[in-house]
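Here is a short note for a colleague who is new to this structure. Please keep the model open while reading the points.

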Amino acid sequence: MSELTGSPAWTALSAHAAALAGTSMRDLFAADPGRAERMTFRAAGLVADLSKHKATGETLVRLLDLAHVTDVAGWRDRMFAGQKVNGTERRAVLHTALRAPPGTKLYIGGEDLMAEVHGVLDRMLDFAARVRSGAHVGATGRRITDVVNIGIGGSDLGPVMVSEALTPWRDPAIRPHFVSNVDGTHLSEVLRRVDPETTLFLIASKTFTTQETLANARSARDWFAARIPDPAAVASHFAALSTNREAVIAFGIDPANMFGFWDWVGGRYSVWSAIGLPVAITIGPENFRAFLAGANAMDRHFRTAPLHENLPVLMALLGVWAVNFLGARAHAVLPYDQSLSRFPAYLQQLDMESNGKGVDRDGNPVDYATGPVLFGEPGTNGQHAFYQLIHQGTHLIPCDFLAPVETQNPLGDHHRLLLSNVLAQAEALMRGRTRAEAEAELRAEGLKEAEVARLAPHKVFPGDRPSTTILFRRLDPATLGALIALYEHKVFVQGIVWRINSFDQWGVELGKQLARPILAELASGISGSTHDASTAALIRKAARQDTDGL
């Protein structure tokens, strides 16, 4: 038994979960008419209804006890103060500083960090403004019409999600493109759609050594050089989001068009940094500042609100409740806004790369579940795909429903239809349908008793499926910034409760390490002796040394 699972707060929650087992959410609502209002919380323009969780006032008190035992507030304050809360890499975690407003002071090692942060931001936004205005032109004097961001992981998922989500704020004269997959198809399809004379490439790699990104970047440069042979032209058409000045210059990029960031900016938290340059170009500097301001509003709430009124804390604790005491192993994020179609994929990295850990901060194996499997799709598409399992399957899957009250694109009765679906899905997950209700509905349809008995079991919905519904007026830059920051802080709090380091990602390294010798073996067609029999055979087949069955 670990220190966490042996703590009085944890054992009290286990006993409380057992005591609640026979109580349904229907019972909780019937017994408490004020439940919905009391369990609705507001922060940074977001309104979150947490009442459709199988939790009582006592549940929240006991969860808050767990937050105190694990020192959530202390770790939060240490993160904002710039202490090295990323213990394995001995780094501070200061993505929140990237969205702090001018005039903020943060002294690290006797120096005001914010002066440097705003210096880079001002340079970045000035470059974005020059691209948008036509002051920055290509080598032949033509304006930039296409921006191709080449990155992977956080250097791609954040910018592409934000750019797509904020489509109404884009300059229609500048088309963004995003290349991440080292599969040549991804880059080739983008290059077919752009003109080298009017295209700007952004190479997003902190170290400028990321294998997939550099492979795509070199191929893009070769494509460009074949069409505009002047070596000096690269400087007008390529910029770097990196800290490796020597490698950037060696690539041919003008260091004036290099925008750096810091080792305390993790990849999945980097859209607020220079990695956000493609977003700034497409939506403009003022809208990018509004995006930062929305996140900062959530930061202030997280930093100052009492824990019992703190939205990221409460969402995190209800997630812990579901995973560790109710048995949930997955979590669905379901945006009822087509603009947020990439938001679940973005959160997959944020959540699963952060909290997909099996050892605690001290390197000890955990004896409790940590981060859930996160997935999602926009509504109403998901309703016709995987909602069946959520409603009637054998897995408990808490859901987050996200919806704007106002649409960016009014079209007939579409938005009212969309909202009716999101509200109905949350209600259906909570209420379910009893056997008696199913039988009554079938009888009302005129079915005979034998048919009622045959069909009724298939019409029963267990209910008691937890969900959070988050409403906002409309999806704009500030709202999107607040949404992202909400989930960042939720993931952070869960990591603290689970006593894990949410800011490293060693799990992505082994596959990359093993890929290096395999790459050489694929070129030579000779498999090394260190592989298992399956891998060795697959190398031979992939290298076309053994084409049997291919």
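This is a predicted model: local features need pLDDT of at least 70, side-chain atom pairs count only at pLDDT 80 or more; totals for chains, interfaces and linings use all residues.

Is W272 buried or exposed? Its relative accessibility is 2%, so W272 counts as buried. The points below start with the whole chain and come back to this residue.

1. The protein chain has 550 residues and a radius of gyration of 26 Å. A compact globule with that number of residues would have a value near 24 Å, so the two agree. The C-alpha trace spans about 80 × 65 × 60 Å along its principal axes.

2. Secondary structure and contacts. The protein chain holds 22 helices and twelve strands. Take the contacts with a separation of 6 or more: 74% of them join residues 24 or more positions apart.

3. Burial and surface. Of the 550 residues, 52% are buried. The accessible surface is about 23,800 Å². Carbon and sulfur atoms contribute 53% of that surface.

4. Charge. There are 54 positive side chains and 58 negative ones. The centres of the two sets lie 1 Å apart.

5. Aromatic pairs, a tilted example. The chain has 20 aromatic pairs. In one of them, the ring centres of F127 and F259 are 5.3 Å apart. Their planes meet at 50°, a value between the limits of 30 and 60 degrees, so this pair is tilted. F127 sits in helix α6, residues 113-133. F259 sits in the loop between α11 (245-251) and α12 (277-283). The two are 132 residues apart in sequence, so the pair ties together separate parts of the chain. Both F127 and F259 are buried.

6. A stacked example. W272 and F291 also form an aromatic pair, and this one is stacked. The distance is 4.6 Å centre to centre, with 20° between the planes. W272 belongs to the loop between α11 and α12, while F291 belongs to helix α13, residues 285-304. They are 19 residues apart, and the pair links distant parts of the chain. F291 has 0% relative accessibility, so F291 counts as buried. W272, at 2%, is buried too.

7. A ring cluster. Which residues do ring pairs link into a cluster? They are F201, F208, W223, F224, F238 and F251.

8. S270. This serine lies in the loop between α11 and α12. S270 has a relative accessible area of 1% and is buried. Beyond its neighbours within four places in sequence, S270 is in contact with G154, V265, I275 and G276.

9. S341. Look for S341 in the loop between β9 (330-335) and α15 (343-355). What is its relative accessible area? The value is 19%. Buried means under 20%, so S341 is buried. Setting aside neighbours within four places in sequence, S341 is in contact with E164 and P378.

10. Helix α5. This helix covers residues 72-80. Its buried residues include V72, G74, W75, R76, M79 and F80. What do the buried residues of α5 pack against? Their partners are α4 (57-69), α13 and α20 (477-497). G82 follows α5 and has a positive phi, near 90°.

Note on methods:
Residues are numbered from 1 along each chain as its sequence is written. Side-chain values use heavy atoms; hydrogens and water are left out. Helices (H or I, at least four residues) and strands (E, at least two) are DSSP runs, numbered from the N terminus. The radius of gyration is taken over C-alpha atoms; the globule rule is 2.2 Å times the number of residues to the power 0.38. Buried means under 20% relative accessible area, exposed over 50%, partly exposed in between (1.4 Å probe, protein chains only). Contact means heavy atoms within 4.5 Å. Accessible areas come from the Shrake-Rupley method with a 1.4 Å probe; for residues, only the protein chains shown count as cover. Lys and Arg count as positive and Asp and Glu as negative; His and the chain ends are not counted. The place of a charge is taken as NZ of Lys, CZ of Arg, CG of Asp or CD of Glu. Rings of Phe, Tyr and Trp (its six-membered ring) pair if their centres lie within 6.5 Å; planes under 30 degrees apart count as stacked, over 60 as edge-to-face and the rest as tilted.
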